[in-house]
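Hi everyone, thanks for coming. Today I'd like to walk you through one protein model, step by step. Have a look at it before I start.

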Amino acid sequence: MNADPITIAIFVAVIALTLGITAWAGRRNRTASSHYVAGGQITGWQNGLAIVGDLLSASTFLGVAGLLALQGVYGFYLLAGGLVAFLLVLLLVAEPLRNLGRFTVADVLSSRFRSRGVRAVMAVNTLIVTIFYMIAQLVGAGVLISLLVGIPYWTAVSVVGVLMAVYITVGGMLATTWIQIVKAVMLLAAMAFLVVLTLARFDFDVVAMFSAVEASAANDLFSRASGLLPGLELVSVAVAQVLGTAALPHILIRFFTVPDAQVARKSMSVALWVLGLAFLAMPFIGYGAAALVGQVQVRAANSAGNLAAPQLAELLGGPVLFAVIAAVAFATILAVVAGLVIAGSGAVAHDLYSSLWRKGRATDAEQVRAGRIAAIGIALVSIVLALGAQNTNIALLALMAVVVAASANVPVLVLLLFWPRLTTRGAITGITAGLVSSVVLVLVGPGVMGDAALFPLSYPTLVSVPLGFLGCYLGTRFSGPRPPTEAPFEDMHVQATTGRTLV
């Protein structure tokens with residue numbers, strides 16, 4: 001298709017804005033601390049908005065709107081789970097993680113288990129979760145750009161991959177943070193405008209809108225799942241969303257960008273309030289698309305429903321609003337992939353290269369250079385994998401990452417903070433059990449194998465999370481004497497609570 005000049009201009013403006021932020025941040029991106037965690041100088045409100053930007057990804061704005069339009073109330077579980085997850089993070093782990101970590105999630109574990117094995121398995125797990133989640137963002141970007149600009153899907157995915165590599169190699173975490181902040185403000189404003197226009201079509205009568213959805217929908221949106229998330233699958237998805245969102249690496253490393261634990265808690269409070277308002281808007285966008293655009297038209301544009309929000313914008317505001325909403329969604333994708341790449345490249349450069357290979361002897365310049373090389377490699381791998389997932393709903397793709405995060409990260413982080421008996425072997429066994437079981441069960445489940453599935457659940461959180469906890473317990477139960485490098489639980493607990501180490 002031939003893209004409208006206004007559409008092209010808006011997209012170019014978004015790219016120019018993000019590259020301008022990157023150039024500004026690049027002048028301050030000189031040390032490992034500035035590259036990975038912005039020097040720990042991000043304020044509470046800035047970090048809160050950046051966290052909002054991380055969670056309000058393409059899978060939320062585009063994917064969940066599509067699920068709500070095509071599957072109704074069941075898509076709302078993806079939103080409710082995110083809010084519950086952030087409550088858990090605020091109450092349980094925000095301050096301890098800030099006090100224990102430096103650059104990566106593996107640093108948190110290493111505060112007690114000074115083991116090469118623990119750091120290695122957590123780094124590998126971070127890479128797998130990062131790449132799964134990044135595929136979802138790249139699919140959304142590819143579909144969106146190919147539709148609006150008229151270029152092939154593979155070209156669109158490649159362009160986004162190159163841009164995200166530029167953001168990280170030049171601007172690091174400071175660029176990522178400010179891109180997230182700007183994008184969050186743009187997205188929240190766009191969502192509010194879309195909700196107002198949608199309700200205006202029904203004279204601001206919410207009941208009338210829901211009645212119109214029920215009358216026009218091809219499926220009964222309020223009484224059955226239309227085959228997507230029946231029974232135990234629905235429960236398993238809810239568990240994945242609650243636990244997994246709380247343990248996504250690119251969310252957790254946000255706590256290392258602030259000066260202290262109190263600011264980390266403040267940033268979570270800001271994020272929770274803003275996300276609550278944003279999530280209240282999503283049903284109006286999804287149901288509005290079902291009522292005004294129609295399920296048939298939504299599915300015709302993209303079988304997974306990923307274009308429901310832009311279609312609603314075009315109906316309500318014509319090509320200009322369509323281009324604006326699509327460009328905001330594009331900015332959303334750019335910001336989230338930047339956060340993902342910084343998390344993945346940190347695992348490679350800081351954990352695998354600096355801590356394991358160089359045994360802590362790498363200079364700041366070497367760590368930064370390794371992080372930049374890793375960012376390029378992660379971008380290339382993600383582009384290749386995203387090319388084969390064009391017609392998969394991006395909210396469901398993102399849930400794959402959430403399942404792995406819930407199964408491998410949550411058990412070991414919870415037990416690290418609250419179970420004194422956990423050992424080095426227990427931590428390694430728990431991470432490995434959660435990672436392997438979640439990936440294997442997803443691959444043999446109906447989401448991949450269809451009717452020939454060997455396991456009944458597409459999202460096996462109800463099984464893989466207990467296996468992660470079981471792995472931690474059995475590994476600890478059958479451990480030998482604690483190695484001398486393993487810090488006492490009391491020392492770690494004091495550091496997690498106060499931010500100070502015992503002398």
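I'll begin with the whole protein and then visit a few residues.

A word on where this comes from: it is a predicted model, where local features need pLDDT of at least 70, side-chain atom pairs count only at pLDDT 80 or more, and totals for chains, interfaces and linings use all residues. Residues are numbered from 1 along each chain as its sequence is written, and side-chain values use heavy atoms, with hydrogens and water left out.

So, what is the protein built from? It has 21 helices and zero strands. Helices here are DSSP runs of H or I with at least four residues, strands are runs of E with at least two, and both are numbered from the N terminus.

Next, the overall shape. Along the principal axes, the C-alpha atoms fill a box of roughly 65 × 50 × 40 Å.

How much of the protein is buried? Of the 503 residues, 61% count as buried. Buried means under 20% relative accessible area, exposed means over 50%, and partly exposed is in between, using a 1.4 Å probe and protein chains only. As for contacts with a separation of 6 or more, 84% of them come from residues 24 or more positions apart; a contact means heavy atoms within 4.5 Å.

Now let's go to helix α14, residues 308-357, where we find F330. With a relative accessible area of 1%, F330 is buried. Which residues does F330 touch, not counting those up to four places away in sequence? They are F11, V14, I15, L144, I145, V160 and L163. F330 and K183 are 147 residues apart along the chain, yet their C-alpha atoms are separated by 9.4 Å.

In helix α7, residues 116-149, please find A123. Its relative accessible area is 0%, so A123 is buried. Beyond residues up to four places away in sequence, A123 touches A347, D351 and L352.

On to helix α15, residues 364-386. These 23 residues reach 33 Å from the first C-alpha to the last, close to the expected 33 Å at 1.5 Å a residue; the expected span is 1.5 Å times one less than the number of residues. Buried residues in α15 include V368, A375, I378 and S382. Here is a handy rule: an α-helix has 3.6 residues a turn, so residues three or four places apart point the same way.

I383 also sits in α15, and at a relative accessible area of 11% it is buried. Leaving aside neighbours within four places in sequence, I383 is in contact with L138, V157, S158 and G161.

Finally, two loop residues. A38 lies between α2 (32-37) and α3 (44-55), while F204 is in the loop between α8 (153-200) and α9 (206-216). Phi of A38 is near 55°, a positive value in a residue other than glycine. F204 also has a positive phi, near 60°.
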